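Biologist: I have not looked at this structure before. Please take me through a few of its local features.

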Amino acid sequence: MSHLNQAVAQLGALAEPTRLGIYRKLVRHAPDGLCVGDLLPDAGLSQPTLSFHLKTLATAQLVTRRKQGRNVYYAPNFSSMHALMEFLMEHCCEGEQCLDRLLASTCCPPAERRISA
């Protein structure tokens, strides 16, 4: 899939208010994420509807899914989101690579630095 098509799929997945809210909640619980049961009460959705939204985010590679015992946990895929941000800001500084400087000034460093910290 081309970078453009991937970006369109990811932005489309986030362009729905429920999915954007789910993604933002998962970001607040990174890096471990939350199990479906923890997302249900605040989402105000049925379990099948919540699963549909999580599947859409996972298909767009915005979240990861892991099974732990009988629970399924979802977590934000920061490397995918960083790639999307790089694509969106590719030419923001007249051809200069500046996203690294922007990311360094945010509160959420790239996954590599977060893990080693």
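Biologist: How far does the backbone nitrogen of Asn5 lie from a polar atom of the side chain of Ser2?

Modeller: This is a predicted model, with residues numbered from 1 along each chain as its sequence is written. Local features need pLDDT of at least 70, side-chain atom pairs count only at pLDDT 80 or more, totals for chains, interfaces and linings use all residues, and side-chain values use heavy atoms, with hydrogens and water left out. Ser2 is in the segment before helix 1. From the side chain of Ser2, a polar atom lies at a distance from the backbone nitrogen of Asn5 of 3.1 Å.

Biologist: Is Ser2 buried, partly exposed or exposed?

Modeller: Buried means under 20% relative accessible area and exposed over 50%, with partly exposed in between (1.4 Å probe, protein chains only). At a relative accessible area of 36%, Ser2 is therefore partly exposed.

Biologist: What is phi of Gln61 near?

Modeller: Most residues other than glycine have a negative phi. Gln61 sits in the loop between helix 4 (47-59) and strand 2 (63-68). Its phi is positive, near 65°.

Note on methods:
Helices (H or I, at least four residues) and strands (E, at least two) are DSSP runs, numbered from the N terminus. A polar contact is a pair of N or O atoms within 3.5 Å; within protein, one must be able to donate a hydrogen and the other to accept it, and residues adjacent in sequence count only if both atoms are side-chain atoms.
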